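Let's take a walk through this protein together. Have a look at the fold below, and then we'll go through it piece by piece.

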Amino acid sequence: MVNPDGHEYSRAQERLWRKNRRRNDDGSFGVDPNRNYGYMWGILDVPTSSQVPSDETYVGPRAFSEPETQAVRDLVGCERFAGVITYHSYSQLILYPWGYTDKPIPDVQHREQMAGMAQEMQTLIQGVHGKIYVPQQSSALYPTAGDTTDWTYGTYGIPSFTVELRPRTFQEGGFILPPDHILPTWEENRPAAFRFVEQLLAVSVA
């Protein structure tokens, strides 16, 4: 649990709250942890990566200003993970860096590796219940700066993905996934996650 205060607030007060509960200087609350990581932090000022404290995607006063992102930073720095997948909702997408720019990753080998992994994830996911998750660069969804996967790839050079889970559209439920879709969503993503782990283990052994 990375954001316990924000999670509890989403349970008790505002279902779609996404930030933590920091009190900002302007009297508003919260920093979006997934805009507070140190790689290319704060280079954008757009609705999806905002410099305005009251906005739901507020990036914070500085990189790693929040205890939540500091904890993740320290854990990743200590453990030196071989790869990262973060799960979000919604849109049925498999996203890989960059989010902060529409330019592709300059390292061709890394770019092809992540595109290939994303394509294999798509095939494995579709093979379970027939749902199609589209692989693409993160910025093709919308621009963000200071997010988790840009930071883990940009800082450590490890394969980093954000999987946007079911449903595909707002009309199908949006952020509020229908309860009968929860188990199938897990079932279809499990083989792709296991394959990702297998690939990372094979590289580390080699």
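Start with helix α4, residues 148-156, which lies across β1 and β4. Its direction runs at about 165 degrees to that of β4. Keep in mind as you look around that this is a predicted model.

So what is that helix lying on? The strands belong to an open sheet of four, in the order β1-β4-β2-β3, with mixed pairing. At the edges sit β1 (84-89) and β3 (134-137), each pairing on one side only. Going from one strand to the next, the twist averages 25 degrees. Helix α3, residues 108-129, packs on the sheet too, and it touches β1, β2, β3 and β4. Its direction makes about 165 degrees with that of β2.

Now zoom in on one pair of strands. In general, strands of a sheet pair through backbone hydrogen bonds, and they can do so parallel or antiparallel. Here β2 (residues 93-96) and β4 (residues 160-165) run antiparallel, joined by three bridges. If you want a spot to look for, find L95: its bridge partner in β4 is T162.

Next, the charged side chains. Side chains of opposite charge can pair when their charged atoms come close. The structure holds seven salt bridges. One of them joins E66 to R22, with the closest N and O atoms 2.8 Å apart. Both residues lie in the loop between α1 (4-12) and α2 (67-79), so this pair ties together parts that are 44 residues apart in sequence. Is E66 buried or exposed? At 2% relative accessibility it counts as buried, while R22, at 26%, is partly exposed.

Another salt bridge brings together the side chains of E188 and R166, at 2.8 Å from N to O. E188 is in helix α5 and R166 in the loop between β4 and α5, so to speak distant parts of the chain, 22 residues apart. Both E188 and R166 are buried.

E198 is partly exposed, at 47%, and so is R195, at 31%. E120 joins this pair in a network of salt bridges.

Finally, look at the surface, where L16, F175 and I176 form a nonpolar patch with about 290 Å² of accessible area together. I176 is found in the loop between β4 and α5 (182-205), and its 43% relative accessibility makes it partly exposed.

Definitions and conventions: Residues are numbered from 1 along each chain as its sequence is written. This is a predicted model: local features need pLDDT of at least 70, side-chain atom pairs count only at pLDDT 80 or more; totals for chains, interfaces and linings use all residues. Side-chain values use heavy atoms; hydrogens and water are left out. Two strands pair if DSSP finds at least two bridges between them. Helices (H or I, at least four residues) and strands (E, at least two) are DSSP runs, numbered from the N terminus. Axes are lines fitted to C-alpha atoms, for helices over the stretch in contact, and angles run from 0 to 180 degrees between N-to-C directions. Contact means heavy atoms within 4.5 Å. Patches are made of residues with over 30% relative accessible area and no salt bridge: like charges are joined within 9 Å, nonpolar side chains (Val, Leu, Ile, Met, Phe, Trp, Tyr) within 5 Å. Accessible areas come from the Shrake-Rupley method with a 1.4 Å probe; for residues, only the protein chains shown count as cover. A salt bridge is a side-chain nitrogen of Lys or Arg within 4 Å of a carboxyl oxygen of Asp or Glu. Buried means under 20% relative accessible area, exposed over 50%, partly exposed in between (1.4 Å probe, protein chains only).
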